[in-house]
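Hi,

Here is the structure I promised to pass on. Have a look, and then read on for what turned up in it.

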Amino acid sequence: MTETETVPADPGNRAADAAIHVEEVSKRYGTRQALDGVSLQVGRGEFFGLLGPNGAGKTTLVEIMEGLRQTDSGTVSVLGTAPWPRNVALLPRLGVQTQSSAFFVRQKAHEHLATVAALYGADRGAVDRTLQTVALVDQRDTRVENLSGGQRQRLAIASALVHEPELIFLDEPTAALDPQARRDLWDVLHGLKEAGRTIVYTTHHLDEAEALCDRVAILVEGRIAALDSPRGLVGAAGAATSLLLPPERMTVAEAEAIPGVDRAVLRGGSLVLETQVSGKVLSALDALGGLDGVQTRTATLEDVYLRLTSDAGHRTTQNTENTENQA
Amino acid sequence: MSAYGALTAAGYRAQVRDAATLFFTFAFPLVFLVVFGLIFSGQEVEETGRPYISYIAPGVMSWGVGNAAVFGIAFTLMQWRRDDLLRLIRMTPTSLPTVLASRYVLALAVGVVQAVVFIAVALLPLFGLELDSRWPLALPVLLLGITAFLSIGVIIGSYADTPEAVAAIANFLMVPMAFLSGSFLPLDMMPSWLQTVSRVLPLRYFNDAVSASLTGSGSLGDIAVGCGALIGFTVVFAAIGLKTFRWSNRT
């Protein structure tokens, strides 16, 4: 009894229970270090976002987790087993969104999906169920070549879902979708999460990551720059709240003199005051002439993301500046 | 449905829905039959006294069948890899032999239909082919020939990344091989050293065995030798093919 109670507290066993366990994984292509000591865990039932600029190593990391690539060093465990080399017992438990080009030629949508279902050994009923899920019932008998961009993308997502996998990898699934289709897909994804599936989600849409993901990892130059819940990241980053004022209200110097204002700049036709204590600054502004025309903008995941990713890009420049300041 | 059955069905649908390619697959060898048949109509080969058609019909047929087998699988593999369809298959538990087996049965079907259409035309009085009584032996020869050329196609399809490369490499191999193996011109007309050189070419054995079974131009032993050589080529090319096979262009 005591033992069973202590098990969840043991980090080692928690690792074994994770859907994905990546430890100190590195991968190099020629002279380029694509991944540099990446460690992360994705819990079962978790909706995990993977963010980062192009070339940050997202695709490599996902392909390693999918078992499409071998690591140079480090260990990877997916659903309790090693994905590399090609692990035939593991594959039916994974669902991978395919490229929107990866269709069997001259097939109707349902024929393509039925072929994929058969490759996974899924039952035939799964095809119509999945077409329903991704709202392609009306395109059932349309040739894959004649589908629109958004429809192709939904069929590619259907290929990842048709065999009801435990762990689903989605790569930019909303990229070619219109706003309505995008929201519809969010509903599908919420449904999958409620059904207990684990989802690894690569995206450039930060609003999407913020709305959907339990946790996100931000990958920059092959390393994990941040890993937390979107809320936790925004909070921990200590990202400033911005107060936007009409520029004629005061000068930059006057604004910076207000207690609590960290920085004031003119940007986009507004005087922007950055602060960690927005309440205090707002009451000071109120006293200085009212709050008419004052807008508040709180930090989002996008701010955190942009700061982390641009930090990396300008690291050298900043180092120089710091040295100068010290001197 | 099994993975094999589903892949074969999808391949069959893709084939019959592409009417132009299907038509020209069957028309291509026939064009050569018509051209050479008309040029050499009624003529006999001086060295042997046998009618020209008895050389050319089996030769063009085995070349046409081999050509279709090479191009078919090579284009498919190149395209599937380029479109990431092989990556999709790679992520399913379906094995590579299952994938290749489905393409194999489609290639056999195409080849047999090609041969039947071709022989039916060659038997017309205009061309005047006469079948030997042991013509049914051409069927196993055909199956072995398609298998050998399919394994060559696997190598080309694994190596080439573009349709242009597939066409260039396949033509580079298949056109000179057709001449050197006696598909278009009777080998009996060629210098003896060239006839010796042709012994390293799979098409030479395919031609000889098809010719021996259809027109009775050789002994049963010739058919056996041809079949044995085709099996040998298949083993070698299939081993290379499986070694060069790639699931993706990116790894």
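What volume does the largest cavity have? About 80 Å³. Before the rest, some housekeeping: this is a predicted model, where local features need pLDDT of at least 70, side-chain atom pairs count only at pLDDT 80 or more, and totals for chains, interfaces and linings use all residues. Residues are numbered from 1 along each chain as its sequence is written, chains are lettered from A and ligands numbered from 1 in the order in which they are written, and side-chain values use heavy atoms, with hydrogens and water left out.

On the terms: working on a 1 Å grid over the protein atoms alone, a cavity is a set of points where a 1.4 Å probe fits but cannot get out, while a pocket is an open set with protein on both sides within 12 Å along at least five of seven lines; lining residues have an atom within 4 Å of a point.

Back to the cavity. The residues lining it come from both chains, and include Val96(A), Tyr120(A), Asp84(B) and Met91(B).

In chain A, 31 residues are in contact (heavy atoms within 4.5 Å) with 26 residues of chain B. The two chains bury about 2800 Å² between them (accessible area, 1.4 Å probe, lost on being put together and summed over both), 58% of it on carbon and sulfur atoms. Arg86(A), Arg106(A) and Leu119(A) supply 25% of the area chain A buries against chain B, more than any other three residues. Arg106(A) also forms a salt bridge with Asp18(B), the closest N and O atoms being 3.7 Å apart. Across the interface the rule (a side-chain nitrogen of Lys or Arg within 4 Å of a carboxyl oxygen of Asp or Glu) finds five salt bridges. On the side of chain A that touches chain B, H4(A) gives the most, with seven residues.

Cheers

How values were computed:
Grid points are joined across faces, edges and corners, and a volume is the space filled by probe spheres set on the points. Helices (H or I, at least four residues) and strands (E, at least two) are DSSP runs, numbered from the N terminus.
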